[in-house]
Amino acid sequence: MHRRCEIRQVAAMAAIRMQPDGPMVVNGLSVDIEDWFQVGAFEGAIGRDDWDKLTPRVERNSDAVLNLFARAGVKATFFTLGWVARRHPALVRRIVDAGHELASHGWDHVRVFTMTPGEFRDDIRRTRTLLEDLSGQKVMGYRAPSFSIDKRTPWAHAILAEEGYAYSSSVVPIAHDHYGWPEAPRFAYRPVEDSGLVELPVSTARLGGRIVAAVGGGFFRLLPYGFSLRAVRQVNAERRPAIFYFHPWEMDPDQPRVADAPLKSRIRHYSRLGAMKGKLERLLGQFRWGRVDAVAAAEAATAA
């Protein structure tokens with residue numbers, strides 16, 4: 001109960017922050033904590049049985065993210081794999097000690113639509129138990145690996161609601177070769193009738209009559225900065241918060257190269273890694289950012 005009251009207070013304070021030209025929307029800042037070898041694009045080239053044989057870089061990269069956020073004076077949500085948390089418990093504690101939200105990214109980056117409902121429930125329970133044990137905090141948020149809640153998994157949101165989650169940020173309302181649910185709403189909505197669960201889709205923008213992904217991850221890293229700047233401004237002009245995400249490995253140009261991965265995957269993964277830090281610093285300085293749980297609490301009042 002105390003935690004829910006705290007979230008409501010943060011949301012209320014965020015809602016009344018003012019700039020000279022009026023209220024400024026508080027956007028959701030999030031990080032998906034996974035290592036360089038755990039991305040979905042490499043799953044055909046690197047087996048899960050080989051993960052423990054590879055050199056981890058997630059802790060050093062995540063610390064770089066924490067330092068970046070500290071300099072910018074922002075708080076964020078860290079959607080964290082249980083696999084990573086079990087091997088790097090000190091990182092989990094540094095995240096929460098810095099005032100950031102710890103949320104679930106599932107156990108080991110298995111896409112939701114490859115699991116049965118029972119397997120999914122076991123996965124989110126196992127991850128949540130570990131994250132709460134390590135952090136001493138209640139875990140209220142979830143993001144599916146590779147945004148893999150879509151029209152193939154109508155049961156996933158219901159299970160999240162049954163398990164007591166307050167929000168999910170697992171849907172991208174576009175068509176994409178790796179993920180997407182183009183029929184889903186663009187902004188916060190309640191996917192389960194008679195439930196408080198809120199889905200916060202990753203933000204999209206309108207471009208030439210089309211809805212395109214623009215705010216986060218590879219889209220932010222690969223496209224010109226002005227494109228994402230325009231996208232966030234467009235979302236905020238509708239008086240809605242943008243939901244932004246990225247991964248710690250996207251700030252690591254020295255990470256190992258996976259030569260056996262498909263060419264398209266290698267181009268997407270390795271391009272413009274060196275530019276990411278500077279682009280993030282610009283973005284953090286140009287908009288108001290906050291934890292996703294606070295954004296979810298504020299959006300819950302208007303979500304249909």
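Contact, in this talk, means heavy atoms within 4.5 Å. Helices are DSSP runs of H or I with at least four residues, strands are runs of E with at least two, and both are numbered from the N terminus.

Some housekeeping. This is a predicted model, where local features need pLDDT of at least 70 and side-chain atom pairs count only at pLDDT 80 or more, while totals for chains, interfaces and linings use all residues. Residues are numbered from 1 along each chain as its sequence is written, and side-chain values use heavy atoms, with hydrogens and water left out.

Start with helix 2, residues 58-72. Which residues of helix 2 meet helix 10? Leu 68, Phe 69, Arg 71 and Ala 72 do. Their partners in helix 10 are Lys 277, Leu 280, Glu 281 and Leu 284. By class, that contact has 5 nonpolar, no polar and 3 charged residues. Here nonpolar is Ala, Val, Leu, Ile, Met, Phe, Trp, Tyr, Cys and Pro; charged is Asp, Glu, Lys and Arg; the others, Gly among them, are polar.

Now the geometry. The axes of helix 2 and helix 10 come within 10 Å and cross at roughly 30°. Axes are lines fitted to C-alpha atoms, for helices over the stretch in contact, and angles run from 0 to 180 degrees between N-to-C directions. Helix 2 and helix 10 are therefore roughly parallel. The cut-offs: under 35 degrees is roughly parallel, over 145 roughly antiparallel, 65 to 115 roughly perpendicular, and the rest oblique. The crossing is right-handed.

From helix 2 come Val 58, Glu 59, Ser 62, Asp 63 and Leu 66. From helix 4 come Ala 90, Leu 91, Arg 94 and Ile 95.

Tyr 225, Leu 229, Val 232 and Arg 233 of helix 8 meet Lys 279, Arg 282, Leu 283 and Gln 286 of helix 10. That contact has 4 nonpolar, 1 polar and 3 charged residues.

One more residue in helix 8: Gln 234. What does Gln 234 touch, leaving out residues up to four places away in sequence? Arg 186, Ala 205 and Arg 206. Gln 234 and Ala 205 are 29 residues apart along the chain, yet their C-alpha atoms are separated by 6.9 Å.

Definitions and conventions. Left-handed = near helix turned anticlockwise from the far one by under 90°.
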